[in-house]
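Me: I am new to reading protein structures, and I would like to go through one slowly. Could you take me through it feature by feature?

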Amino acid sequence: MSRPLLISAVFCGMLGAAVFAPHRSTAQQIEFSSTATARYQGGVDASQSVTVNNPGNLVPVTANAISDPAMDGFSFAEGFAEGQINALGATLRSTSYASGFSPSFSPPQEVRATSSATASTSWVSQSQSLTNGTPIQINFLVPVSGSLAAEQFFTDGLGPNDVFAEASAELFVNGVIQYSGSARSYDSMAGGMNSILDVSGAWAGDFVSGPAPFAITDPDAFFINTFDVVSITANLGEVFDVDFALSTSAYSVGPFETIAVADFGSTGSFELSAVDPISGAPIDVTFASVAVPEPGTGSLALLASAMIGIRRRRR
């Protein structure tokens with residue numbers, strides 16, 4: 001076989017492999033990250049970061065750190081994230097916990113935990129009765145449930161925002177933010193005996209106060225259980241990207257009989273549905289995840305096609 005024919009044969013084989021080899025979907029994935037720092041009586045750090053493709057079941061990621069409890073005082077921190085992607089959207093969970101006990105005025109050493117989960121997904125709308133290109137309204141139901149508590153029982157203030165717990169959630173569609181909510185609960189002796197809550201975005205007005213869900217002396221806590229709906233207008237058959245993120249963090253300036261909890265381990269999610277953009281009535285539209293070819297497959301096919309074209313022109 002001559003060299004030109006050999007080159008053509010090789011690239012034809014590569015083209016066949018590119019066209020007929022199975023494609024692995026990388027459209028649906030969740031990035032998890034959890035960190036924990038306990039810097040008292042031992043000073044321990046822990047972290048865990050994982051990216052999971054197509055997580056059909058709940059995938060947990062945990063990082064925890066605890067200083068030596070046998071010493072005189074200790075500190076503990078834990079970050080936990082969990083998530084999955086299903087046929088109609090994604091569910092994310094995040095919890096951060098920081099606490100400790102010190103019987104003395106030891107120098108402040110931070111106790112901190114963070115946790116986050118970000119789902120990156122791609123979808124296409126489809127219908128058996130409507131034609132592609134028909135205008136539709138896509139609704140994103142965003143239910144969020146969680147609690148924040150930050151309390152210190154020390155008798156002297158260490159500074160502003162000594163203890164805090166915070167959480168946030170964001171939803172992007174095609175790179176444009178459609179939903180955002182954040183909240184921060186903090187306690188400082190310099191600011192009085194009660195915990196304070198700052199809320200912004202979609203969560204404003206959704207929190208209620210009550211006793212914290214752990215057995216210590218009457219700390220303040222704030223709870224949220226809300227359902228929001230955001231909408232976009234699109235054409236049937238168009239592919240759209242959805243990124244959803246949920247994160248929590250808890251911090252204490254030192255383990256001086258303090259506790260900070262951001263517990264959004266119940267749910268933070270989005271679900272897809274479609275309605276008529278004018279009447280608002282439900283329509284015959286379903287959603288499917290979009291399979292993305294492995295990187296390089298498309299360019300390999302183009303390169304092979306180009307080489308075959310060069311061979312033909314030479315003839």
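Reply: What follows is a dialogue that takes up one feature at a time. This is a predicted model, in which local features need pLDDT of at least 70, side-chain atom pairs count only at pLDDT 80 or more, and totals for chains, interfaces and linings use all residues. Residues are numbered from 1 along each chain as its sequence is written, and side-chain values use heavy atoms, with hydrogens and water left out.

Me: What does the protein chain average in pLDDT?

Reply: The term pLDDT is the predictor's confidence in each residue, on a scale from 0 to 100. Here the protein chain averages 77, and 69% of the residues score at least 70. Over residues 1–25 the pLDDT stays under 50, and the model has 31 contacts for them beyond four places in sequence, where a contact means heavy atoms within 4.5 Å. Residues 292–315 also have a pLDDT below 50, with 26 contacts in the model beyond near neighbours in sequence.

Me: How many helices and strands does the protein chain have?

Reply: Helices (H or I, at least four residues) and strands (E, at least two) are DSSP runs, numbered from the N terminus. The protein chain has two helices and 15 strands. Of its contacts with a separation of 6 or more, 73% are between residues 24 or more positions apart.

Me: How much of the protein chain counts as buried?

Reply: A residue is buried under 20% relative accessible area, exposed over 50%, and partly exposed in between, using a 1.4 Å probe and protein chains only. By that rule, 42% of the 315 residues count as buried. As a general idea, nonpolar side chains in soluble globular proteins tend to be buried together. A nonpolar core is a set of buried Ala, Val, Leu, Ile, Met, Phe, Trp, Tyr and Cys residues joined through side-chain atoms within 4.5 Å. In this structure the largest nonpolar core has 54 residues, and those with the most contacts inside it include F140, W203 and F240. Strand β7 gives the most to this core, with seven residues.

Me: Why is the pair of F140 and F240 edge-to-face?

Reply: The pair is edge-to-face because the planes of the rings stand at 90°, with the ring centres 6.4 Å apart. This pair links distant parts of the chain, with F140 in strand β7 (residues 135–152) and F240 in strand β13 (residues 239–252), 100 residues apart. Both count as buried, F140 at 0% relative accessibility and F240 at 3%. Ring pairs link F140, F240 and F287 into a cluster.

Me: Which residue lies over the face of F164?

Reply: A charge sits over a ring if NZ of Lys or CZ of Arg is within 6 Å of the ring centre and within 35 degrees of the ring normal. Here R184 lies over the face of F164, at 4.1 Å from the ring centre.

Key
Rings of Phe, Tyr and Trp (its six-membered ring) pair if their centres lie within 6.5 Å; planes under 30 degrees apart count as stacked, over 60 as edge-to-face and the rest as tilted.
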